[in-house]
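Here is a brief report on one protein model. Look over the sequence and the structure first, then read on.

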Amino acid sequence: MSSTWVLYRKEMLEMARSYKLIWIPVVFIILGIMQPLTTYYLPEILKASGDVPPGLLEGYEIPSAAIVMAQALGQYGTIGMLVLALGSMNILAGERYSGTMELILVRPVSPAAIVIAKWTAQLTLLVVALGLGAAGAAYYTEQLIGSLSWGDVIAASGVYSLWLLCVVSATLLFSAFLRPPVAAFLALALMAGLSLGLGLFPTWFDWTPAALSGLSAGILTDGEGFRAGPYLSAGVLIIICLVGAALLTRKNNFPD
């Protein structure tokens, strides 16, 4: 446990030095506040463009605060997921190619401790970034559109964070034996494949982690967001990624 804590502190220090603890939360905050601002000022934006047919905006109605908040969280399923994958693609691959991993493994440190420390550091970054982004989105939604249940906002953000944690865990697994860009691409492709499968065959894929985004929105709009399948499958996927990354690291899978 002491070695894991030391490695975790090392990871957090490296993220602070590389400014990941700053720019990733900033990106999440911008993504979060863009949705309520865009929704509220959309008529003025369209009018300013000068190409709006007469009468088009007369029937425009601003969606409810809950829907806008759900849409704000949905922003993180695209750009936010990409940012997380790019930010974590060097988590193991970078140290493998730099030779740092070999220096760590000659010490009495288990591969599992290394993987857990790195994953926990990424989890911390995710919680901070998504927490600030969701708080910013909820604040502007309340100020511009209407009141929200902060309990539902926290619950919905927690469910969505589990979906984002899947891409971070998958990137960790692939970075244990692939180059950083390939690891990020495959992790994003896996999540995109699950989302595409859910969209095309909802009855077949409603148990997968991809359904977590819909459950998160359901908490805000309907007050319902529990279905055991997506939570269990997400937990299994994360465990498989962690165990796989530890086993691959144990095999000294270093480039020549």
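## Overall fold

Helices (H or I, at least four residues) and strands (E, at least two) are DSSP runs, numbered from the N terminus. The model is predicted: local features need pLDDT of at least 70, side-chain atom pairs count only at pLDDT 80 or more, and totals for chains, interfaces and linings use all residues. Residues are numbered from 1 along each chain as its sequence is written, and side-chain values use heavy atoms, with hydrogens and water left out.

Of the 256 residues of the protein, 45% count as buried. Buried means under 20% relative accessible area, exposed over 50%, and partly exposed in between (1.4 Å probe, protein chains only). Contact means heavy atoms within 4.5 Å. Among contacts in the protein with a separation of 6 or more, 78% come from residues 24 or more positions apart.

## Salt bridges

How many salt bridges does a search of the whole structure find? The search finds three. A salt bridge here is a side-chain nitrogen of Lys or Arg within 4 Å of a carboxyl oxygen of Asp or Glu. Lys10, Glu11, Glu14 and Lys118 are linked in a network of such bridges.

Lysine 10 meets glutamate 11 at 3.6 Å, N to O. Lysine 10 also bridges to glutamate 14, with the closest N and O atoms 3.0 Å apart. Lysine 10 and glutamate 14 both sit in helix α1 (residues 2-17), four residues apart, about one turn of the helix. An α-helix has 3.6 residues a turn, so residues three or four places apart point the same way. Lysine 10 is partly exposed, at 26% relative accessible area. Glutamate 14 is partly exposed too, at 35%.

Glutamate 11 pairs with lysine 118, the closest N and O atoms being 2.6 Å apart. This pair links distant parts of the chain: glutamate 11 in helix α1 and lysine 118 in helix α7, 107 residues apart. Glutamate 11 is buried, with a relative accessible area of 7%. Lysine 118 is buried as well, at 2%.

## Packing of α8 and α12

Two packed helices are described by the angle between their axes and the distance between the axes. Helix α8 (residues 150-175) packs on helix α12 (residues 228-250) at about 25°, with axes 9 Å apart. Axes are lines fitted to C-alpha atoms, for helices over the stretch in contact, and angles run from 0 to 180 degrees between N-to-C directions.

Residues of α8 in the contact include Val159, Leu162, Leu165 and Cys166. From α12, they include Tyr231, Ala234, Leu237 and Ile238. The contact divides into 15 nonpolar residues, two polar and no charged. Ala, Val, Leu, Ile, Met, Phe, Trp, Tyr, Cys and Pro count as nonpolar, Asp, Glu, Lys and Arg as charged, and the others, Gly among them, as polar.

## Buried sites

Helix α4 (residues 79-88) is mostly covered, with seven of its 10 residues buried. They are Gly80, Met81, Val83, Leu84, Ala85, Gly87 and Ser88.

Threonine 141 lies in helix α7 (residues 111-144). Threonine 141 is buried, at 0% relative accessible area. Not counting residues up to four places away in sequence, threonine 141 touches Pro36, Ala65, Val68, Met69, Gly146 and Leu148.
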